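Please look over the structure shown here before reading on. The notes below are for a first reading.

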Amino acid sequence: MICHSRATGQSATSSTENEAWPEADAHVQLPSNWRVLSFVGLEQAAGYPFQQWYVAAGIGRQFKPILRPHRENIDPDKEHFLLLGVGYDYLRTTQSGKVFNENRVTFDMTPSLRPTSKLLLRDRNWTELRWINGKYSTTYRNMLDAEFDLHIHSIRFTPFGTAEFFYDSPKHSWDQEWYTGGVQFPYKSVFMLEIYYRRERCPTCTPQNWNVGGATLNFFFNNTR
């Protein structure tokens, strides 16, 4: 998935805020293991002057299918050992009365491993070329992801956990950490609801900590037939 981080500011005081994060994604599978992803979302703080909305689109190429016997994932990206992608994001952020317009070009490489039939491990490497109000910077993000497929009676669901770390080139430091836990509920090959809690930590940001409750509705379209 194409991802984003908030605009940041300097702060000498530590604080924690809460935020809701709804999002809708559209995944289109194309012939020859190509796929297109687009999404739109909103970040809204509770009791703090922060709001961000964003739209994005990207194209990816999937390499080498995972052949170990397992229950097929609704997301074709997770059925391959390697994904390469490129995308574009636009974000508009209002924080403490200031408006930030951001354009991004993103590049990602995600190797995957399925050590058992139920466990999927992924390591997403993400580079963002960012222009915030015309000022250029680069961010590198590394996210480790573990998912475990479960099936109880007629209900299929996938608990997951991720840890993501950000390297900010202007600061020459690893300045953000995101820790996420949640559950995915797929429905046939049509859509998947993902709900999660995320803890974000950024010592150089304002605020320095966020508690995020999020929900993403993913729609899948197969144009290979």
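Predicted model: local features only at pLDDT ≥ 70, side-chain atom pairs only at ≥ 80, totals over all residues.

Residues are numbered from 1 along each chain as its sequence is written, and side-chain values use heavy atoms, with hydrogens and water left out.

- Strands here are DSSP runs (E, at least two residues), numbered from the N terminus.
- In a regular strand the side chains alternate between the two faces of the sheet.
- Strand β11 covers residues 191–201, and its covered face holds Met 192, Glu 194, Tyr 196, Arg 198 and Glu 200.
- The uncovered face of β11 includes Phe 191, Leu 193 and Ile 195.
- β11 pairs with β10 (residues 173–187) in the antiparallel sense over 11 bridges; two strands pair if DSSP finds at least two bridges between them.
- Opposite Arg 198 of β11 stands Thr 180.
- β11 also pairs with β12 (residues 209–222), again antiparallel and over 11 bridges, and Gly 214 in β12 is the bridge partner of Tyr 196.

**Backbone angles in the loops**

- Most residues other than glycine have a negative phi, and most peptide bonds are trans.
- Three residues lie between the strands in the hairpin of β10 and β11, where Lys 188 has a positive phi near 50°.
- Asn 133 has a positive phi near 50° and sits in the loop between β6 (119–132) and β7 (135–148).
- His 153 has a positive phi near 55° and is found in the loop between β8 (150–152) and β9 (155–168).
- His 153 is exposed, with a relative accessible area of 75%, whereas Asn 133 is partly exposed at 46% (buried is under 20%, exposed over 50%, partly exposed in between, with a 1.4 Å probe and protein chains only).
- The peptide bond joining Thr 206 and Pro 207 is cis, with omega about -5°, and Pro 207 lies in the loop between β11 and β12.

**Asn 101**

- Asn 101 lies in strand β5 (residues 98–113) and is partly exposed, with a relative accessible area of 25%.
- Beyond its neighbours within four places in sequence, Asn 101 is in contact (heavy atoms within 4.5 Å) with residues including Tyr 90, Trp 131 and Asn 133.
- Val 86 is 15 residues from Asn 101 in sequence and 20 Å from Asn 101 in space, C-alpha to C-alpha.

Technical notes: Helix = DSSP H or I, 4+ residues; strand = E, 2+ residues; numbered from the N terminus.
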